[in-house]
Structures are given as structure tokens and as C-alpha cells.
Amino acid sequence: MARIAIGGFQHETNTFAPSQADYAAFEAGGGWPGVQYGDSLFAAVEGANIPAAGAIQALRAQGHTLVASAWAAASPSAHVTTDAFERITGEMIRRLQQARPLDAVYLDLHGAMVVESFDDGEGELLRRVREAVGPRVPVVASLDLHANVTRAMVERADALVAYRTYPHVDMAETGARAGRLLHQILASGKRPEGGFHQLDYLTGIPSQCSFIEPCKGIYEELGRLEQRSGALLSFTPGFPMADFADCGMAVFGYGAPAAVAELRGVVADAEKDFAMELHAAPDAVRRAKSRGAPGMPVVLADTQDNPGAGGNGDTTGLLKALLEQKAEDAVLGMLIDPASARKAHEAGQGSTVVFSLGGMSRIPGDAPLAGEFTVERLGDGRFTCTGPMFKGFRMTLGNMALLRSRAAPGVRVVLASRKCQAADQEMFRTLGVEPRASRIVALKSSVHFRADFGPIAKEVLVVKSPGPALADPAEFKWTKLRKGVRLRPLGPVHA
Ligand SMILES: [Zn+2]
């Protein structure tokens, strides 16, 4: 049986976002386990919906011996600092060298990392891993569905395997698929023939959800193509917020290059179907007020401040609309505001205090929101998620508080101190709020919330409020993107 190194380094970089990912951001993890070196990696990911956990399980089931190198993830944000990249990659490479002789390497990567000092984070990481283990040792990586895949990544890895669901309910499953492919490569001694194509249009992340068309149909077609051809295929709609040449959609696969080309055609043909309706905050609140009911809430997705796409979770546009229209039975979460959460803890449960909420990131069009709020409940931010996507994730979100507006008593706000996307109902239940009992649930999330909140939602409205994670990629000021790419489906061409 083989000796296989396990590692991982996940970051989704929104180069237009306000904050960078430094080493401390990887230590904090943003909902993921913090930085792990060596054997602690195994316990840190065990039982969670994390790619490495699935790969570890699949490879152990084949009897392989696993050696942990380094694993790290942080909340999506602007660039990874050079310091963080060098420290984490340096430790990974040092441990790979120490662990030699190795028969193979599995890596748990995101695929959309941009580093301060260079653009293709994973391309550079894979170059160094390849250099450390030599050309003959198979290297297989799993990738997020939001990977911006580059030719360098494809060439430096033996195989790349991406998620097929957004919300990402199949992270561990994808790791397992990558693990099984790695086992096959080792058992057969053969490397599968690869294919790779980039598409020439971008689409905003709200339209990439695999529960709805066109992605639902594309992934179904991907499955049919695999059955027909025997290939292992991936389609990555990409992360359209990283200003570098290779940003955008790609298809790739192994075992049947013709099937990869066919999948490329399927995605090209779906371009017009990616267009999506977005709502201004006041309109969305008006509609939600008339349609939501306790037991059947309308869910509002504050997509452009999604901490899962580089937002800091602190803009107040949607909250302002809820307050101005005096919404009833409405709850918004999570507003990431450590100073206000601390203030709530200092004031104590039951007290009424003037807060200045959010607005710290100075996003154009956004400002702190001042008002009197009653502190209804306090929490320490420690809980385990239960929804289909974040199942098993052990959260440490710092001081949390539930506030109720004095001026609009039907509106409550969940505060947290550390950045994390509101995609699991436990983020509310930890403060005694049962989301289903509300009329309106407003979430700092783009799509991931649909896994846990979709089943309780009467309807979902995607809201366009201030934030750095623009839903329409054509609104970003692109400077490095390759020429000829349409900046939205059927939209203007980047020249
Ligand atoms: Zn993703």
C-alpha cells in the first residue's frame, strides 16, 4: 500500500474586497478549522463536510498510509499576504520533503487564490509541491466550484476534481472522489489523459446555484456525459471577483478529452440562461412584508456583502430598509461587528443602549447605522453547525448578541465578532432564534444559505445592497483579465 501526503490551502480571493488574508486570518479560519501542521490535521477535519476529510476516509479505506503536511483555510477576502502564503506553503513543502519517500500527494485546494506578490496562488503552490516531490509522484487536488482554474494548475497536477454543488453540500464527497482517483492512478500506474477549456464569459455568483437552472441542468448533463464516456468531469463557474488573467469559468476532465469538449459546448450554450433578477433592498423588503409569514419566511440574500465572497459582513443597507419599513418578525444575521458585540456584552442582557452598527469597511454607499437597541440575548459564538453544508463545522465566532430595535421592534439583528457567512440555522438558534418562526430572514450570504434555509423559505429574493462582492461582474473595474471575456452573460466584452 502507498504512502500518501495530505495537505490543503484554501482561499477564495476577491481582489476588490477591503481586507487581506494575513496569517492571523488563517489561524482564525473563518468557520474552518484553523491552521493545522502535522497529525492534528486528521482530528481537525474529521466528521466535517471538508474535502480533506472525505479524501482521508477514502484513502484509508484502501489501506494507504497517510502523512499530514499542512492544511489552512480562511474567510474569503482580498489578497493572501505574501507572508501568510510563504509561511503556510513553506511549512507544507518542508513537511513533504521530510516525509519522503512519498508515493502520492492529495491537496485540498480552493483554486481561486491570489497572493499579494503573484496572481496564480494555486499554480505557484502546485509548482513548489511538484518540485518537492518530483515529476513521477502523482499529485491530485480537489477544488471548490468557485475555482478560477489556470493552465499552470492543470499542467502541474496529475488531476483536479471540483465540487458539483453550490451550496457546497458535496465538499467531503469531492475529496473522496479525488482520493479514489488517486488510488486508481496508483493502482494502474497510468495517468489519465486530461482536457481543459476556459469559457469566455463571466457570471455573478447568485446565478451559479446548482439547485436552479442553468447549473442544475449543466451538472445533470455532466453526469450523463461521464456515464457515456467513462471520463471524470468538472465544471467550475469560477469566482468572478479575482482580477487576474484566468478569472472565470472552466471545464476540465480526465479519461476522455472529447467529453470535456462536449461539456464546454453545454456551458457555452447556457450563457443566456445565467441572467438573474436582483432586487433593490426597499423593494425586496416591501415584497417580503406582504408575502412572508411565521412558518413560511421570505429569505432575503444580502449577496454583495457575503463574507463567503470577500465581504466583511458589516454593511447596513438591507438592515436600514427593514428598519425604515418597520418590518415585523424580521431577523437579520450575521452582522459582523466585534465592537458592538462587545458593547452588548458589557451592557448586559435586557439593557437598552444606543449602538452604531456596522459600516466599518467604508464600502461606497454604506455607513454605520445608529439607533437604540435592546440586548435580548448574549452568546459566546461556540456551536456546531447542523445544516447540509456546514454539518460538523465547529464555530468559534466570538462574542455574539441578539439585538431588538426600539424604533422598529419587529426587527432583530444577530451580531457576531468573527466573519462567517450566514448559511446555517444554528447561527440563529445559538441565540434562541428559530428562523422558521420569522416572517423575514435576511442573510449575509449569496447562495450557500439555500442548503439549510431553502427548505423553510416561502421564497428567496437576491438583494443588491452595498458590498464589495458585486453580483454583476461587469460593475468591477477589471485591469488584468484576459481580453475578449464578456463581463456578464451576453454582456460587454473586456477589451
Ligand atoms: Zn465556493
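View 1. With a relative accessible area of 2%, Val485 is buried, a term denoting under 20% relative accessible area, with exposed over 50% and partly exposed in between (1.4 Å probe, protein chains only). Its contacts, leaving aside neighbours within four places in sequence, are Asp200, Tyr201, Leu202, Pro492, Val493 and His494, contact meaning heavy atoms within 4.5 Å. Val485 and Tyr201 are 284 residues apart along the chain, yet 5.2 Å separates their C-alpha atoms. The model shown here and in the other views is predicted: local features need pLDDT of at least 70, side-chain atom pairs count only at pLDDT 80 or more, and totals for chains, interfaces and linings use all residues. Residues are numbered from 1 along each chain as its sequence is written, and side-chain values use heavy atoms, with hydrogens and water left out.

**View 2. The zinc site.** Asp144 (OD), His146 (ND1) and His168 (NE2) are the protein donors of the zinc ion and lie 2.1 Å from it. Donors are N, O and S atoms within 2.8 Å of the metal (3.2 Å for Na, K and Ca); water is not among the atoms, so sites may look incomplete. The spacing of the donor residues in sequence is D-x1-H-x21-H. His146 and His168 link distant parts of the chain, 22 residues apart: His146 belongs to the loop between strand S5 (139-143) and helix H6 (151-156), and His168 to the loop between strand S6 (159-162) and helix H7 (171-188). His146 counts as buried because its relative accessibility is 3%; His168 likewise counts as buried, at 2%.

View 3. Three strands, in the order S7-S9-S8, make up an open sheet with antiparallel pairing. Strand S7 (194-198) and strand S8 (232-236) are the edge strands, each pairing on one side only. From one strand to the next, the twist averages 10 degrees. Five bridges join S8 to strand S9 (residues 250-254) in the antiparallel sense; two strands pair if DSSP finds at least two bridges between them. Leu232 has Tyr254 in S9 as its bridge partner. Helix H9 (residues 257-269) lies across S7, S8 and S9 and runs at about 20 degrees to S7. Axes are lines fitted to C-alpha atoms, for helices over the stretch in contact, and angles run from 0 to 180 degrees between N-to-C directions.

**View 4. Val149 in the largest nonpolar core.** The largest nonpolar core has 144 residues, of which Phe9, Phe26, Val149, Leu160 and Phe235 touch the most other members. Such a core is a set of buried Ala, Val, Leu, Ile, Met, Phe, Trp, Tyr and Cys residues joined through side-chain atoms within 4.5 Å. Residues up to four places away in sequence not being counted, Val149 touches Gly111, Leu143, Val154, Leu160, Phe196, Gln198, Thr236, Asp246, Ala250 and Phe252. A second, separate core of 33 residues includes Ala344, Val375, Val411 and Leu461.

**View 5. Strand S17 and its two partners.** Strand S17 (residues 400-405) is largely enclosed by the rest of the structure, because five of its six residues are buried. Strand S14 (residues 369-379) pairs with S17 in the antiparallel sense over six bridges, and Val375 has Leu403 in S17 as its bridge partner. S17 also runs antiparallel to strand S18 (residues 411-416), the two being joined by four bridges. On this side, the bridge partner of Leu403 in S18 is Val413. S17 and S18 form a hairpin with five residues between them.

View 6. Ser465 is found in the segment after strand S20 (459-464) and counts as buried at 5% relative accessibility. Apart from residues up to four places away in sequence, Ser465 touches Ala281, Asp302, Gln304, Gly317 and Leu318. Leu318 belongs to helix H11 (residues 317-324), in which Leu318, Leu319, Ala321, Leu322 and Leu323 are buried. After H11 comes Lys326, with a positive phi near 45 degrees.
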